[in-house]
Amino acid sequence: MELLNKRPDDMARITTKELADKFIAEQVKELREQIGDKKVLLALSGGVDSSVVAALLIKAVGKQLICVHVNHGLMRKGESEQVIAVFGKELDANLVYIDATDRFLDLLAGVCEPEKKRKIIGGEFIKVFDEEASKLKGISFLAQGTIYPDILESDGVKAHHNVGGLPEDMQFELVEPVRLLYKDEVRVVGEALGLPHAMVYRQPFPGPGLGVRCPGAITRDRLHALREADAILREEFDKCGLAEHVWQYFIAVPDFKSVGVRDGKRYEGWPAIIRAVNTTDAMSATIEEIPYAVLHTITARITAEVEGINRVLYDLTPKPIGTIEWE
Ligand code: XMP
């Protein structure tokens, strides 16, 4: 089937539940026609795009969809669990969950160079997915959460940047039901499909995950500290309402320690660096002004609750000159 890769000029922006329902009904019909009684495979990261594609396909072809969720050990706290709860349990999807944490972390041990880390994560992701795909029999289609900006920017920054890039020699026909939609439309469709608000309005999260927020060689203890500190930041942003209007916020934990004091004793630890930025296109970004009271609460909680962290810093650098991520 020839896929349309240009958004028709007269295609209305999907901004309401009614328009989303209409889109969903059309897609369900088209997907059923395209797929028939065959099987479809989807790499489900838990991000907005792949989650919406999964929910659409579940509605259209149910158990003919096989979702594979690869946990590369670099997910944020609770993310893989949410994928299992929503897709495996609530939506009763055919979900294959692979905990590949050890494979990834073993390969990354001792690797400091950012691009090398990215290559390892991307390469291993393809390997794990490929191994799983070859175990499954009778798959004809590969679904992907490609969205319109991905098509527009396919020769730009994002293509080489994404971990979800799958092997080119896979002999599957592509299914890309949201390829003509912009991100805001994907979200409206996701809500209309009944996906949780937190999943649909999730802030951007890079494919290599916490791997790009753990500068230097990743160790399990520092990665654990990063994940816990990040969870506290997200919780506090949710509580004070900042989560609703800050575009992206996270913690980075670099690989150096400084001396601190805890319970009257020397306590060496890493700093946790807070990044909270606003942007429209991620090409440039400004710094969100976080109230001091919130910064104090976050600092108190992270230093008290996270083993190995003895300082909390707030990065005030806009992009440019800093990038958004810390790698
Ligand atoms: P930087 O750090 O370059 O990030 O200012 C710009 C935006 O891109 C996100 N980012 C990624 N997104 N795959 C993605 O889909 C990736 O590998 C990746 N790396 C960075 C980053 O989170 C920010 O929103």
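The chain contains 11 helices and 10 strands; helices (H or I, at least four residues) and strands (E, at least two) are DSSP runs, numbered from the N terminus. This is a predicted model, in which local features need pLDDT of at least 70, side-chain atom pairs count only at pLDDT 80 or more, and totals for chains, interfaces and linings use all residues. Residues are numbered from 1 along each chain as its sequence is written, and side-chain values use heavy atoms, with hydrogens and water left out.

**Overall form**

The C-alpha trace spans about 70 × 40 × 40 Å along its principal axes. A compact globule of 327 residues would have a radius of gyration near 20 Å, and the 21 Å of this chain agrees with that. The radius is taken over C-alpha atoms, and the globule rule is 2.2 Å times the number of residues to the power 0.38.

At the interface, 17 residues of domain 1 are in contact with 17 residues of domain 2, where contact means heavy atoms within 4.5 Å.

Between them the domains bury an area of about 1400 Å², and carbon and sulfur atoms give 53% of this area. Leu74, Arg76 and Lys77 supply 40% of the area that domain 1 buries against domain 2, more than any other three residues. Buried area is the accessible area (1.4 Å probe) that two parts lose on being put together, summed over both.

Nine residue pairs, both members at pLDDT 80 or more, are in polar contact between domain 1 and domain 2. A polar contact is a pair of N or O atoms within 3.5 Å; within protein, one must be able to donate a hydrogen and the other to accept it, and residues adjacent in sequence count only if both atoms are side-chain atoms. On the side of domain 1 that touches domain 2, α4 (101-108) and α5 (114-135) each supply at least two residues. The largest share of that side, four residues, comes from α4. Its residues divide into seven nonpolar, four polar and six charged. Here Ala, Val, Leu, Ile, Met, Phe, Trp, Tyr, Cys and Pro count as nonpolar, Asp, Glu, Lys and Arg as charged, and the others, Gly among them, as polar.

**Salt bridges**

Side chains of opposite charge can pair when their charged atoms come close. A salt bridge is a side-chain nitrogen of Lys or Arg within 4 Å of a carboxyl oxygen of Asp or Glu. The whole structure holds 25 salt bridges, and the count between domain 1 and domain 2 is three. Two examples from the structure follow.

| Salt bridge | N to O distance |
|---|---|
| Asp106 and Arg220 | 3.1 Å |
| Arg13 and Asp184 | 2.9 Å |

**Backbone details**

Most residues other than glycine have a negative phi, and most peptide bonds are trans. Asp263, in the loop between β7 (258-262) and β8 (265-278), has a positive phi near 50 degrees. The peptide bond from Lys319 to Pro320 is cis, with omega near -20 degrees, and Pro320 lies in the segment after β10 (309-314).
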